[in-house]
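Subject: Handing over a structure, with notes on what was found

Dear colleague,

Please look at it first and then read on.

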Amino acid sequence: MSTKQDQEATLISHLEALRRALLRSIIALAIGIVPLFLVSPYVLDWFCKQIALQGGVTLHYFSPMEVFLLQLKISALLDCVLFSPYIAWNMWQFVLPALYDNEKRFIRSIVAMTSGLFIAGVAFCLVVCFPLIVQFGMSFASTTLQPVFGVSNLVTLALWLSLAFGCMFQFPLVTYALIRAGIVNYETVCGKRPYVVVAILVLAALLTPPDVVSQLLLGVPTYLLFEAGLLAARHYKGRALKEVHPENAPNIAPRDSTATESEHVQTDDIDFAAPSSKFQVGAEKDADKWKPY
């Protein structure tokens, strides 16, 4: 009974710790969104100027509350991005007591690489890909067909593409982590390259607008990053097949120090699967009469 009560108390303490971590994160987001909402008009103005400089486009809005809601959306996104280190620190403090030292080091490196790859994906989208997508859309203009871009649609597209690029840039990290942890081996992943290409193209088609340009701009860098993840995991080639963990190692009885050398059986040289082996199960004398008790 006491054991059950201890388990319930431990579960309640874990839930309390999780509640405190989530509550601190929510309070931080609620406090930060107020000043960031005051900054969001300047961010929106900068974005509109960049679009105007790159494509010669004048942005419009079509409802009285459109710009206000757009500024609120930008402030919420900036709030999540700027306070993500504090939220990650709270979650880290929650899971820290349950981790071993090697797991702590591994997760620290994974978190650092995740942040770097996400920022690289967002920067690549806004600096390289998004201007190309805008120019591709303007290429259909003619004397009888003039483009009119709504600011809400364009900013929403930019935010969605930034999120898609940031998430897809995690692809090499997932590959590296799976191979390093021994969940899959290097040779298996290399042999599944055609399936990986198809999966990347499908994800790119789902996460981007229905045009070939944006899909290729997302799919090609993602595949190159997948190859980079394989290259980084090359050091762990064959690890899932060769590595033997201590808990899976066979139990070998210690040798008797008083026994002579001829009495020791060299178990490493025994082939238990060979049909002619005298150690094969069922090959002993009167095996048909053998009982387990």
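Helix H1 (2-55), helix H2 (66-82), helix H3 (84-95), helix H4 (101-138) and helix H5 each supply at least two residues of the lining of the largest pocket, where helices are DSSP runs of H or I with at least four residues, numbered from the N terminus. This is a predicted model, in which local features need pLDDT of at least 70 and side-chain atom pairs count only at pLDDT 80 or more, while totals for chains, interfaces and linings use all residues. Residues are numbered from 1 along each chain as its sequence is written, and side-chain values use heavy atoms, with hydrogens and water left out.

The pocket

About 1100 Å³ of space lies in the largest pocket, the volume being the space filled by probe spheres set on grid points that are joined across faces, edges and corners. A pocket here is an open set of points, on a 1 Å grid over the protein atoms alone, where a 1.4 Å probe fits, with protein on both sides within 12 Å along at least five of seven lines, and lining residues have an atom within 4 Å of a point. The lining consists of 38 residues, and Leu-77, Val-81, Val-122, Leu-126 and Ser-162 lie nearest the centre of the pocket. H4 gives the most to this lining, with 11 residues. By class, the lining has 28 nonpolar, 9 polar and 1 charged residues, where Ala, Val, Leu, Ile, Met, Phe, Trp, Tyr, Cys and Pro count as nonpolar, Asp, Glu, Lys and Arg as charged, and the others, Gly among them, as polar.

The helix packing

H4 and H5 pack at an angle of about 135°, with their axes 8 Å apart; axes are lines fitted to C-alpha atoms over the stretch in contact, and angles run from 0 to 180 degrees between N-to-C directions. H4 and H5 are therefore oblique to each other, since angles under 35 degrees count as roughly parallel, over 145 as roughly antiparallel, 65 to 115 as roughly perpendicular and the rest as oblique.

The axes of helix H6 (residues 171-180) and helix H9 come within 7 Å and cross at roughly 25°, which makes H6 roughly parallel to H9.

With best wishes
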